[in-house]
Amino acid sequence: MHRFFVPPEWMRGESVIINDELSHQIGRVLRLKAGDRIVILDNSGWEFEVKLIRLGLERVEGEVVGKRPATGEPRIQITLYQGMMKGAKFEFVLQKGTELGVTAFVPMLCERSVAMGRNKKEARWGRIIQEAAEQSRRGRLPILSPTVSFREACQKAQGFSLIPWEEESSRGLKAVLQSWLTGKTADQPLAINLLIGPEGGFSPGEIAYAKGLDILPVSLGKRILRAETAGLAAAAAILYEVGDLG
Ligand code: SAM
């Protein structure tokens, strides 16, 4: 069944009114008909099975025929602070990170970042996240936060926070995660912040600043990963370690 995230105000009790581009996509592109069923998500943590009743050019009406808790959300909330990089690479991170199960993306301006002109891209980034979330059957849309400076990121990153750094030789991601998870029960909510550097990496001053705020430098192994690979690899490893991948 096709899945679509919609604004919550489109849900009206037992009926759903679908407007904008989505009505065109449902009627014209996917050629769905009255009686066909789709899944609607309003980002509330629920998903609704909807039977299509009337399909017009600019408006589609549906009736809710089932409601269940949305699945597809990982046990752990990963917030990925990603050092700003060229636009296409950042879009790759948004798409693949959404598929993997990242909860929130925060673009981060580091000393060695390249600017990526967020303003014009905002709507496009939102669409990339939404399409990836629908395709991968996420239950909620990942959040795309405003861009922050490196220092703001470090201050915002409350709780358990890691900063993968290729110069770190003694502390590996796996050991750090295993020790953090020791004693935690299977139903305990988990959250982690992950700070990934830009193509040029973090400066020594940035690493010192992060350490001062208890953000732990960790190694991702002996190979140097590209900036767009590092966050995704670390997110996948974290999800695997908590039993949410594989
Ligand atoms: N400028 C660095 C160099 O050439 O050695 C590489 C930076 S890397 C392309 C971008 C980011 O990915 C780093 O800032 C770090 O956060 C992460 N990263 C990549 N490989 C890593 C590794 N083996 N261990 C820990 N972090 C890594």
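**Ground rules.** I number residues from 1 along each chain as its sequence is written, and side-chain values use heavy atoms, without hydrogens and water. In this predicted model, local features need pLDDT of at least 70 and side-chain atom pairs pLDDT 80 or more, while totals for chains, interfaces and linings use all residues.

**Sheet.** I traced an open sheet of six strands, ordered E1-E4-E5-E6-E3-E2, with mixed pairing. Strands here are DSSP E runs of at least two residues, numbered from the N terminus; two pair if DSSP finds at least two bridges between them. The edges are E1 (3-5) and E2 (11-12), each pairing on one side only. I then checked E3 (residues 15-18) against E6 (residues 60-69): they run antiparallel, joined by four bridges. Val16 has Gly62 of E6 as its bridge partner.

**Domains.** I took the bounds from an automatic or database domain assignment: domain 1 is 3-69 and domain 2 is 76-241. Seven residues of domain 1 and eight of domain 2 make the contact (heavy atoms within 4.5 Å). The C-alpha centres of the two domains lie 33 Å apart.

**Interface.** I looked up the buried area (accessible area lost on being put together, 1.4 Å probe, summed over both parts). Domains 1 and 2 bury about 730 Å², 49% of it on carbon and sulfur atoms. On the domain 1 side, Arg3, Phe5 and Asn43 lose the most area, together 78% of what that side buries. E1 gives the most to the domain 1 side, with three residues.

Methods: Buried area is the accessible area (1.4 Å probe) that two parts lose on being put together, summed over both.
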